[in-house]
Amino acid sequence: MTAAVSPSKHSWIRPGRIAASVLVLLIAFVAVSEWAGWPFLAGPMQSGLSDALDRRVLLFDRVDDKAEASVGLSPADASVDHANGVTIHLLGGIDIKAARIEIGAPSWSKGPPTLMASDARIGLRYIDLWRASRGEQVVVRRIAADRLELALERDADGRASWQFGEKKEKQSEPATRLPVIEEMLVHSGRLDLKDAQLDSLVEAKFSLLEAAASSAKNGSGSSKLESNVPAGLNVDATGRYRALPIKLQARSSGALGWAGDGTMPIKLEGSVGHAHLSFDGSLRGVSSMAALNGAFSLSGRSLAAVGDVIGVTLPTTPAFTVRGSLDKREEVWSTKVNDARIGESRLTAALRYDAGAKRPLLEGRVGGSRLLLQDLGPAIGTTQEVDVANPVKKVSTKPAGRVLPAREFDLPSLRAMDANILLGFDELDLGTGRLEPLAPMRAHLVLQDAVLTIKDIDARAASGSLAGMLSLDGRKPIALWHSDLRWQNIRLEKWLNIQRKDGEPPYITGRLNGRTKLDGQGKSTAQILASLNGTMHAQVRDGTVSHLIIEGAGLDIAQALGVWIKGDEPLPMSCALTELRVEKGVMKPQVMVVDTRDSTVWVDGAISLVDESLDLRAVVSPKDFSPLSLRTPVLVGGTMGSPEISLASKPLAGKVIAAGLLSLLNPLAALIPLIDTGTADDTVSGCAALAAKAEQRRQAAKS
């Protein structure tokens with residue numbers, strides 16, 4: 001019987017040795033290839049990167065114009081002198097060194113390649129390359145080059161040349177963030193940025209070197225960087241941004257904080273449009289601008305010019321200078337303004353702007369020692385507007401011959417952002433020497449969903465107060481206006497800045513109280529005023545009025561002459577009342593009366609805010625005897641811009657004719673028509689009684 005042959009106990013050793021040998025050879029091959037720079041992978045690497053980035057990627061073995069892509073080189077050719085050819089390292093990521101590297105423009109662009117680097121080295125992580133192929137933000141671990149040219153472009157549809165992998169996965173929104181480059185060394189660089197969405201075309205020359213690299217070698221091992229180029233970041237940019245001319249210079253003494261969490265000191269000087277900026281601080285992540293902190297100064301011909309640059313709605317103003325500190329973290333900007341000079345105004349502020357919110361939000365406080373309304377006048381259309389492009393030229397906000405501003409509101413700007421700002425000024429100058437400033441003035445400005453509201457108004461003036469709210473609703477093409485203002489105990493003799501000779505009493509004194517509630521609609525101040533509906537009420541308590549004014553208004557020659565000779569004196573007012581009804585922009589007095597012991601002055605008629613016409617009549621009813629009076633209604637006509645004051649011709653002509661005829665009989669008889677004995681019926685006093693009488697007069701005028 002033949003015994004069975006058993007396998008040798010060492011039979012497994014041979015396959016094990018074979019596997020070990022293969023593994024050793026493989027490791028050796030990888031090690032040698034890694035050391036040699038994988039010269040035979042230059043072509044496949046081009047194809048792989050081109051496929052991953054969905055761009056044409058070319059690796060050249062030399063820099064001159066006759067350089068050929070390494071795709072056409074054999075492994076032997078590529079390895080002859082790999083120091084001047086293409087080398088690739090794959091351990092821990094992809095590291096490519098080439099005499100020249102190109103990443104082509106996207107298929108929709110007719111521009112130059114997105115990236116061209118000479119004597120270059122690029123480092124990529126595998127995970128970042130995979131993410132880029134999916135259309136996510138590009139992250140580059142390292143770029144080092146003797147010369148680097150970047151051509152970045154975004155078209156009107158939002159397609160951006162820095163958005164890669166567009167065929168791999170369609171993004172829901174076009175990319176807006178620039179690539180993040182974590183480490184960068186460039187001897188000579190150029191950036192061309194063309195952005196159709198922002199109407200921007202910027203050309204920047206830059207260098208970014210470490211202190212050692214500026215006089216030795218770059219990361220590629222080349223010595224071509226030997227020069228006197230200063231270490232750190234150096235940028236000079238010109239062109240246009242948001243259709244405005246731009247000129248900027250940036251300098252930094254360090255380059256470690258190019259991106260990521262590194263921080264680098266930076267100084268910035270330049271201008272965008274007519275806004276001039278200087279900044280001295282630190283920056284974290286140049287390409288992503290993740291954080292920014294430092295001191296700044298900003299100046300220009302109008303704050304609106306700054307708003308145009310940063311996309312924030314700011315008012316049109318006179319020339320300004322602002323100094324303060326700035327802090328940016330991701331999408332949130334914060335600023336503390338220590339000194340802002342806008343025209344004659346002196347302001348301070350602490351503001352926070354969140355650009356990353358669903359609707360950008362500006363919040364904080366604005367205050368200061370003095371705010372002149374005329375400095376913000378162009379923003380609300382109350383004064384001439386400065387042409388930002390030509391400050392000598394004034395742009396009228398009012399049609400010829402008109403007083404009310406007709407410049408249309410910028411309603412779309414109200415819809416661009418929200419705001420929540422506390423206002424507090426030590427002094428608010430109303431822009432006229434006839435009225436004392438409001439001091440102090442507090443309010444709360446809220447802009448939400450295109451509705452601008454100034455509420456909680458609390459202002460002090462001449463021992464009295466002003467309170468209430470204003471709102472402008474810009475959600476529709478036609479803005480809606482609402483106002484509700486109340487004033488109490490304002491001392492007229494202190495508030496009205498009307499100087500008289502020493503010893504003469506004020507023209508008018510007393511405590512002014514009142515309220516107005518008005519609604520309107522339109523695209524400009526003039527349109528809103530022309531559509532107003534509501535009421536206005538004002539009353540003076542414990543007041544006096546100049547005796548000379550009362551007699552002069554009544555054309556009481558004899559008594560006015562007597563007052564002038566012996567000196568003016570204040571007449572106590574038993575009532576000074578105004579009740580106005582406003583309908584479709586026409587203001588009509590329901591009651592407008594001033595009552596003294598000497599006379600009662602009645603005013604009726606209308607003021608049109610539609611065509612700015614005036615049609616008022618003042619009638620003085622005397623309460624005492626006067627031997628020489630031309631009592632006749634005083635008429636105020638014309639327009640707000642050109643008022644015309646005259647006397648009612650019929651009553652005056654009747655008196656003059658009667659006096660002339662009587663003078664034929666006896667010269668003294670000519671005075672008889674000019675004698676005024678007063679009217680007993682006009683001895684009625686008190687606001688309630690006068691208001692009732694005003695209603696009777698109005699009804700009588702209708703019949």
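Trainee: Why does aspartate 473 count as buried?

Mentor: Set the value against the cut-offs: buried means under 20% relative accessible area, exposed over 50%, and partly exposed in between, with a 1.4 Å probe and protein chains only. Aspartate 473 has 13% relative accessibility, so it counts as buried.

Trainee: What kind of model is this?

Mentor: It is a predicted model, in which local features need pLDDT of at least 70 and side-chain atom pairs count only at pLDDT 80 or more, while totals for chains, interfaces and linings use all residues. Residues are numbered from 1 along each chain as its sequence is written, and side-chain values use heavy atoms, with hydrogens and water left out.

Trainee: What makes aspartate 473 and arginine 475 a salt bridge?

Mentor: The rule asks for a side-chain nitrogen of Lys or Arg within 4 Å of a carboxyl oxygen of Asp or Glu. Here the N to O distance is 2.6 Å. That is within 4 Å, so the pair qualifies. Arginine 475 counts as exposed because its relative accessibility is 54%.

Trainee: How many salt bridges does this rule give?

Mentor: The count is 25. One of them joins arginine 341 and aspartate 339, at 3.2 Å from N to O. Arginine 341 has 40% relative accessibility, so it counts as partly exposed. Aspartate 339 is at 23%, so it counts as partly exposed too.

Trainee: What makes glutamate 427 and arginine 370 a link between distant parts of the chain?

Mentor: They are 57 residues apart. Glutamate 427 is in the loop between β21 (418–425) and β22 (428–429), and arginine 370 is in strand β18 (residues 361–372). Such strands are DSSP runs (E, at least two residues), helices are H or I runs of at least four, and both are numbered from the N terminus. The side chains of glutamate 427 and arginine 370 meet at 3.4 Å, N to O. Glutamate 427 has a relative accessible area of 26%, so it is partly exposed. Arginine 370, at 29%, is partly exposed as well.

Trainee: Which residues are linked in a network of salt bridges?

Mentor: Asp95, Arg121 and Arg142 are.

Trainee: What is asparagine 234 in contact with?

Mentor: Contact means heavy atoms within 4.5 Å. Neighbours within four places in sequence are left aside. Asparagine 234 is then in contact with Lys205, Phe206, Ser207, Ala250 and Arg251.

Trainee: What makes a nonpolar core?

Mentor: It is a set of buried Ala, Val, Leu, Ile, Met, Phe, Trp, Tyr and Cys residues joined through side-chain atoms within 4.5 Å. The largest one here has 101 residues. Ile101, Leu115, Ile143, Leu148 and Met184 touch the most other members. Apart from this core lies another of six residues, among them Leu577, Val591, Trp602 and Cys687.

Trainee: How do you know that the buried residues of α4 are on the same side?

Mentor: Helix α4 (residues 126–133) has the buried residues Asp128, Leu129, Ala132 and Ser133. They cover an arc of only 140° around the axis, so they are on the same side of α4. The arc is that of the directions from the helix axis to the C-beta atoms. These buried residues pack against α2, β3 (94–103), β4 (115–124) and β5 (139–140).

Trainee: Is tryptophan 38 buried or exposed?

Mentor: Tryptophan 38 counts as buried because its relative accessibility is 9%. Tryptophan 38 is found in the loop between α1 and α2 (42–53). It has a positive phi of about 45° although it is not a glycine.

Trainee: Why is aspartate 542 called exposed?

Mentor: It has 59% relative accessibility, and that is over 50%, so it counts as exposed. Aspartate 542 is found in strand β28 (residues 533–546). Its phi is positive, about 55°, although it is not a glycine.

Trainee: Where is proline 440?

Mentor: Proline 440 is in the loop between β22 and β23 (441–448). A cis peptide bond joins alanine 439 to proline 440, with omega about -5°.
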